[in-house]
Each structure stands twice: as C-alpha cells, then as structure tokens.
Amino acid sequence: IMQLSNMYQEVILDHYKTPRGKGLQSPFGGEAHHVNPTCGDEITVRVLLSDDGKTIKKISYDSTGCSISQASASIMFEQVDGKSIEDFDKASNEFLAMMQSKGIFEPNEDILGDGISMIGVAQYPARIKCALLSWMAAKDAIIRANGEK
C-alpha cells in the first residue's frame, strides 16, 4: 500500500471496510455511472434534490473497485449528503485542488472532513482518478437532476 501516514491509512481503511451510505436509493432525480478504465473502478451515483434544486436531499451510490475509490465514495457521501449544492461545490473543488496539488496542500478539514485523509494519494498520479471518481459522478448526477427541472 502507498506510503500514507498511519492515521490517514486507518481512516481510508475504515471507510473501505464500512462504507457509509452505500446502496442505491429511490426515488432519485439524477443518476450517473462512471468507470475508471485504468483500474476497473466503477460507481453509480444517484441524487435527489430539493424542489428548488439547491439542496441534496439524498445522495446514494453503489461502487466496486480499489480501496481508494471505495473509501473516497464513502467520504464523499458523508460530506455532502443533505448539504446544499453550494457546499457540495466547495467540497468537490477543495478535493480536486488537493488531488492536483501533488501533496503540497493544506486541506481544509471543515470542508473535507475525512477527505483530508486522501492528501497522500495526490502524490500517486495513477491513483488520483480513483479518488476523484465518486466526486465526478456525483457532479454529473447533480447536473442531470437539475436538468430534469
């Protein structure tokens, strides 16, 4: 396994072994399915938005793949379920910036929660896509849900 700090490894393993929010829920307003061809990760994300389209009432997902992609999906769920689209955008932008930082980044724990445990992944270009998969799928699902309005 990659050289991540022990504390962060524990957090990632915990999310991998006991994923939060896993399992597709209905009803939903938008759905997106993303695949990472390099290591075979797959995720389907569903979102149900509030009537005004400003809040994620419910986000759910089902995924298969490596520990990084699985843990990232669980963390993403924890950070954005029930939150405003604005909060989702903040969190996903912060996560993306962290992933593009090559590990030279001070992640904001208030915005990312357990997502800060992924900072070490940014040093491994091949794994960045694994970590980003759920966030990108969620973004697409939100766009699709808003398109239904």
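This is a predicted model: local features need pLDDT of at least 70, side-chain atom pairs count only at pLDDT 80 or more; totals for chains, interfaces and linings use all residues.

Let's start with helix 5, which runs over residues 125-147. Its 23 residues reach 33 Å from the first C-alpha to the last, close to the 33 Å expected at 1.5 Å a residue. There's a bend of about 45 degrees at Leu-132. Leu-132 is also one of the buried residues of helix 5, along with others including Ile-128, Trp-135 and Ile-142.

And what do the buried residues of helix 5 pack against? Here are the partners:

| Partner | Residues |
|---|---|
| strand 1 | 30-36 |
| strand 2 | 41-49 |
| strand 3 | 56-64 |
| helix 2 | 67-80 |
| helix 3 | 85-99 |

Next up is the largest nonpolar core, with 40 residues. Val-45, Ile-59, Phe-95, Met-99 and Met-118 have the most contacts inside this core. Among the elements that give two or more residues to it are helix 1, strand 2 and strand 3. Helix 5 gives the most, with eleven residues.

Now zoom in on Val-45. Leaving aside neighbours within four places in sequence, Val-45 is in contact with Ile-59 and Tyr-61, among others. Its contacts also include Ser-134, Ala-137, Ala-138 and Ala-141, and these four are buried residues of helix 5.

Last stop: Gln-70, in helix 2. Is Gln-70 buried or exposed? With a relative accessible area of 9%, Gln-70 counts as buried, because the cut-off for buried is under 20%. Not counting residues up to four places away in sequence, Gln-70 touches Tyr-16, Lys-22, Ser-63, Thr-64 and Gly-65.

Note on methods. Residues are numbered from 1 along each chain as its sequence is written. Side-chain values use heavy atoms; hydrogens and water are left out. Buried means under 20% relative accessible area, exposed over 50%, partly exposed in between (1.4 Å probe, protein chains only). Contact means heavy atoms within 4.5 Å. The expected span of a helix is 1.5 Å times one less than its number of residues. The bend at a residue is the angle between axes fitted to the seven residues ending there and the seven starting there. A nonpolar core is a set of buried Ala, Val, Leu, Ile, Met, Phe, Trp, Tyr and Cys residues joined through side-chain atoms within 4.5 Å.
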